Amino acid sequence: MSNSKLKTPLLAMVSFLLLQSCGTIMKKMYGIKNPEIENEQTIKKKALKYDLDTSNIVTVHSQSTVSTISAHGIPNAAIYDGNGKYMEYRQSDTSCNAGLFQFIPDLKLTNSYNKPDSLDLKSELAKYRDLKGNSLGELRKADFYLVIYWAVWTGKLNKDHVKIWEDLAKNNKNCKIEVIKVNLDFQEYWNLKNTEKVVVRMNNKKKKR
């Protein structure tokens with residue numbers, strides 16, 4: 001399957017990919033373009049265009065891409081405490097990610113947070129790879145970890161959210177927040193066979209919804 005043949009099924013996934021809990025946001029608001037297969041150079045180039053830090057960008061290996069997108073959506077974020085326990089920032093399962101804009105600057109060690117047992121950072125990190133496809137090393141110790149999910153092909157609003165969330169984390173003087181930006185584009189290092197498998201799984205996932 002050529003790169004050009006991938007574009008049609010990928011564009012059909014827009015409603016599946018973008019903000020699973022906020023489905024009313026229109027495609028045109030996100031400036032969706034035809035997706036490409038990305039690599040280290042193209043991802044960093046797009047990140048720099050929007051003044052995003054390129055030192056903390058990771059990718060997802062092909063076997064976990066669909067489940068990661070399904071669980072989190074684009075753009076979105078998840079927050080973990082210093083022990084890797086997931087912290088729920090949303091008021092309900094149907095809430096959008098707007099709460100992040102206030103939740104991130106309010107983070108501090110003295111606050112109490114809702115910590116469901118369903119997710120932990122260690123299991124998430126096992127899905128991630130660096131921009132070349134290599135396994136990740138140990139994370140730097142922090143009070144909280146902000147994991148931001150984004151993609152090159154989803155347009156300007158996506159990048160604006162990512163930039164704001166990252167800056168809010170850096171500007172929080174009450175605690176140390178380590179930011180990890182997870183790129184959810186199709187990756188060149190996957191190889192064509194694995195990319196085709198992801199397209200099939202995405203389409204099967206959409207049919208079940």
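**Confidence.** I began with pLDDT, the predictor's confidence in each residue, from 0 to 100: the chain averages 81, and 76% of the residues score at least 70. This is a predicted model, so I kept to its rules: local features need pLDDT of at least 70, side-chain atom pairs count only at pLDDT 80 or more, and totals for chains, interfaces and linings use all residues. Residues are numbered from 1 along each chain as its sequence is written, and side-chain values use heavy atoms, with hydrogens and water left out.

Over residues 23-30 pLDDT stays under 50. For that stretch I found 13 contacts (heavy atoms within 4.5 Å) beyond four places in sequence.

**Layout.** I get eight helices and six strands, running α-α-α-β-α-β-β-α-α-β-β-α-β-α from the N terminus. Of the contacts with a separation of 6 or more, 80% are between residues 24 or more positions apart.

**Burial.** Of the 209 residues, 47% count as buried. Buried is under 20% relative accessible area, exposed over 50%, partly exposed in between (1.4 Å probe, protein chains only).

**Helix H3.** In H3 (residues 40-49) I noted Glu 40, Ile 43, Lys 46 and Ala 47 as buried. Seen down the helix axis they fall within an arc of 140° (taken from the directions from the axis to the C-beta atoms), so they line one face. The face turned away from them carries exposed Gln 41, Lys 45, Leu 48 and Lys 49. At the N-terminal end Asn 39 is the cap, with a side-chain oxygen 3.0 Å from the backbone nitrogen of Gln 41. After H3 comes Asp 51, with a positive phi near 60°.

**Cores.** Next I looked up nonpolar cores (buried Ala, Val, Leu, Ile, Met, Phe, Trp, Tyr and Cys residues joined through side-chain atoms within 4.5 Å). The largest has 26 residues, and Ile 79, Ile 104, Leu 107, Leu 146, Trp 150 and Ile 177 have the most contacts inside it. H3, S2 (76-81), H5 (100-106), S5 (144-150), H7 (156-171) and S6 (177-183) each supply at least two residues. S5 gives the most, four.

I checked Leu 146 too: leaving aside neighbours within four places in sequence, its contacts include Ile 79, Ile 104, Trp 165 and Ile 177. Apart from this core lies another, of 18 residues, among them Ile 69, Tyr 80, Ala 142 and Tyr 149.

Definitions and conventions. A polar contact is a pair of N or O atoms within 3.5 Å; within protein, one must be able to donate a hydrogen and the other to accept it, and residues adjacent in sequence count only if both atoms are side-chain atoms.
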